[in-house]
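User: I'd like to learn how to read cores and chain contacts in a model. Can you walk me through one?

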Amino acid sequence: MNRSSHQNTYQFLRYILIFLILGVLVVYLGSRKNFGPLQYAQLSLDGLRGGAIYALIAMGFVIVFNVTGIINFAQGAFVTLGAMFTVTFYNLNSPLPKGLHLLLSVIAAILVTTCIGVLVERLTIHPARKSSSLTLIIITVGVFITIQGLSLLAWGAEAHVFPSFTTLEMSDRVYRWLGIVIKAQSFWIWGTMLLVLVCIAYFFNFTLLGRAMRACAVNRLGARLVGISPGRMSLASFGIAAAVGAIGGIVVAPIVRPSYDMGLSLGLKGFVAAIMGGLVSTPGAVLGGLLLGFLENVAAGVTKAGLKDIFAFILLILTLLFRPQGLLGVRKTAIETDGAH
Amino acid sequence: MSVESGLNSKRNAIGWLVMAVVIALLGWVETVQPMGVDFADLTNGIVTMDTMVRVAILTIVLVGLNLLMGYAGQVSLGHAALYGLGAYATSILCVRSGDLLGVPAWVLSSWWWPWLVMIIGMAFAGALAYLVGRPILRLQGHYLAMATLGLGIMIYILFRENLGFQGQHITGTFDGIPGIPRLRVGNFEIWPISRYYFFAWIAALGAIAFGLNVINSRTGRALRAIHDSEVAAQAMGVDVASYKVRIFAVSAILASAAGSIYAHFQTTVSPAPFSFVGSLELVVMAAVGGLSSIWGAPFGVAVILIIKEILRSRLRVVFSGASGEHEVIFYGILLVLIMIFMPEGVTVGAVRRWRLWQRRKREQALSPAQPQAGVRT
Amino acid sequence: MTAKQDSPALLSIKDVQKVFGGLMALNRVTFDVRSGEIIALIGPNGAGKTTLFNVITNFHPLDGGEIIFAGKPLNGLRPDQIAQQGIVRTFQNLRIFQNMTVLENVMVGMHLQGASGIVSAALRLPAAREEEKRFHDIAYQYLEMVGIESRAHDLASSLPFGQQRLLEIGRALAANPRLLLLDEPAAGLTRAETEALDELICSLRDQGLTILLVEHDMELVMNIADRVVVLHYGTRIATGTPEEVQANPDVIGAYLGADWQQDKWLEWMLEDSNSNAEKADA
């Protein structure tokens, strides 16, 4: 007789019920615009594409949070850096064929961003590792706006252009299928998300470093006692999060025209996705990301496109109200989280 | 983060009086300008009476933010939007409510209508904070940070977009809403700026007194207890969630009041100061002044505003180009440095370091020949 | 120190269960705490003693059973509401308010005794000021009760460990409890400090307070407890007076390992205490 697991199921069902109600609302609004299944399918597909990006960014949040307990507000900055560095490298003159040049630019951008992530951890998080979580949050906010400001300085305020992965030109190939339009870049995005998910899962389950990081997440002191250095784990988690964030920025760049402030909105939505998934697992992050992308796009489609950002936050508030631990998370009690003393 | 403890109310009262006198004196100097001296000359054009009024207005916001961040231990990353709520409430209800809501002209032109509007704005902000805060602050962890960030951006979008209602605009694009009347009491207009200076500072000093009184009370102790150990506070009967929500609502009310005062000062309200960057500026000011220090509030505001002014006017040559968002780099670095090295704020941190340095000097003077056995602080 | 068998049960723990994942931390634990008693809750580490405290004060929700205090079920009350009902606890790993003074710590303990809110505090209404003075004076008295009044205006974090423990007890007392839950109050105390604690707890009981304490210090337990409840792996394995429990073979087995009877050396060790217990019963 487990009372709390009953409550848990109840709460989960209530949360799902919210989405069903929203779904009904959406269908109603859509009918006023004479939406048919085709429009919904198009909106859903486009939404899932955005959702895959959120999933990638959310994975970065989850990794850092799990290992260090910190909510890394600077995650969005890594997204920006990944995209912008790729643009810079790509615009360098090179004798190589375009495809190879793009690939090398991408790899270089990921490496540079990872180094920056590591630098951020060493310079700002590590010295403050004994501070309260409030202090650490403010520090990551400071890091984010510093990087954003430096991006403005380095790349200016205008949006840049980025070639599609498929055509290596500015315009992307589109596929039409049963009346739905899909950009070729979408497949790159979904593919990358799956690839990253698989790699991360493999890393955390089958490699020594990954397992060490998980150990650190579960019990920091215990991990130290067996020789794992929490400092190094923290470093590694920031590095990985930076890489994953950069990948997210790069793979969406052909679609959204990267600029210095793309990280703010994307980072925020990535965080909402992480919360919806539960901040505890990378599959949860993916689930949250896809769900968020899908819902916000459909909702914006049946109302006004400019309100898309608002829906993301409405979903955040709803999640915090009805299922704060997210889809796959576990509710913690006060006495478990009140650890800083 | 250490909280000022053992605050003696007498010390606070004296400090408050001193501050009031100094402010009054400065105001008198500026107004009367004995021997032709005024602020702008004294500080090479950086600090003007205009700046001082802004310091006063933002101090009111900061007192609320300090209570929330330094005492209840919650981060608000959207406070500028709450500040903007007050400003927009004042603008909309003073300027456009005739067309929108059919408020009769005699009310609109009366002297007491703007004051009533200010109170309406405060009530609205408080209610919003309560509604949003109640579910979120029941949770463990720092969800309020994200929720306020999201809320702040949402409200800013609402300010910025051209919202229509039966053919009339409510909020109005980037240009904002012009034509906000000056505040009056009866026939006494609180203008020119020298009068507004005193008005704004009376409000600011009132907010500071409010903050100090709250801290040294049962409520303040409950908040500090929550900050130190939520679990222990609960075990002593403190309804933690309820206190957090209440202080969040209080901080929203203060921000809204400040926003209304700002609106009457500027007479035109545009969305720009209420964006995410605006909220960040507030957090930086709080950090500089000390997250748990009510006294630090005006100090933090003053420092940041002065630095902004210097950056803008003197160092323009370095940052050519975009509109002044470059200052965020500076904010970011400053924020990080302060939180790492002086999380209690520059005032408290500097005092602490000075005392340590003094103590070390004394120790060295007392025993100059003995080797320092690695006593490092 | 006779058990007050006729007094009504102040706290009734009935069939209480708590599960953490796969681990049954509390397995149908049942016992009563009678008004005016001192009950010691003992058991090897990990037996579920602190978990029971957390469940009573609802820092962890119950998974089964019920807890009734003074006739009312505690089900669903928040921890602060439970404190309001009159159950106050201390913590195994001290949770004093580090950044407040000693006196302020105790004044927080008095929180439920006051009524002033934000508005009356901000306006410094006379009622609020009077309450402040009253709090100040009464808190000081509590500090005197536990003997640390000399450090009243020092920062709580600056106190030595033993005094911090006393502070936490003083703070709990300031909340005017009907039932005081002490979680390992003697842990880390010197012999002298433990004896002083012994006297303090007894004097509290003499003033009518009911006390439930978790303790490992057997001497303290034997000296002051009216009754002892023994937990092992979440199950109550014995209840009785200290002497009864001390001789109980299940209890000895729990602490020393179930094969204790095969251990010759242990047998020799326990011969003495067994014969002592028999003499006491006779």
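**Reading the core and the contact**

Analyst: Let's start with one residue: leaving aside residues up to four places away in sequence, A:A55 touches A:M193, A:A273, A:A285, A:V286, A:G289 and A:L290. Touching means that C-beta atoms, placed from the backbone, lie within 7 Å. This is a predicted model, where local features need pLDDT of at least 70 and side-chain atom pairs count only at pLDDT 80 or more, while totals for chains, interfaces and linings use all residues. Residues are numbered from 1 along each chain as its sequence is written, with chains lettered from A and ligands numbered from 1 in the order in which they are written.

User: Which residues touch the most other members of the largest nonpolar core?

Analyst: In soluble globular proteins, nonpolar side chains tend to be buried together. A nonpolar core here is a set of buried Ala, Val, Leu, Ile, Met, Phe, Trp, Tyr and Cys residues joined through C-beta atoms within 7 Å; buried means 20 or more other C-beta atoms within 10 Å of a residue's own. The largest core has 299 residues, and A:A55 and B:A258 touch the most other members. Helix α11 of chain B (residues 240-266) gives the most to this core, 18 residues; helices are DSSP runs of H or I, at least four residues, numbered from the N terminus.

User: And how many residues does each chain bring to the contact?

Analyst: Chain A brings 41 residues and chain B brings 42. On the side of chain A that touches chain B, α5(A) gives the most, with 16 residues.

User: How much of chain B counts as buried?

Analyst: Of its 377 residues, 49% do.

Terms used. Buried ≥ 20, exposed ≤ 12 C-beta atoms within 10 Å, placed from the backbone. Helix = DSSP H or I, 4+ residues; strand = E, 2+ residues; numbered from the N terminus. Contact = placed C-beta atoms within 7 Å.
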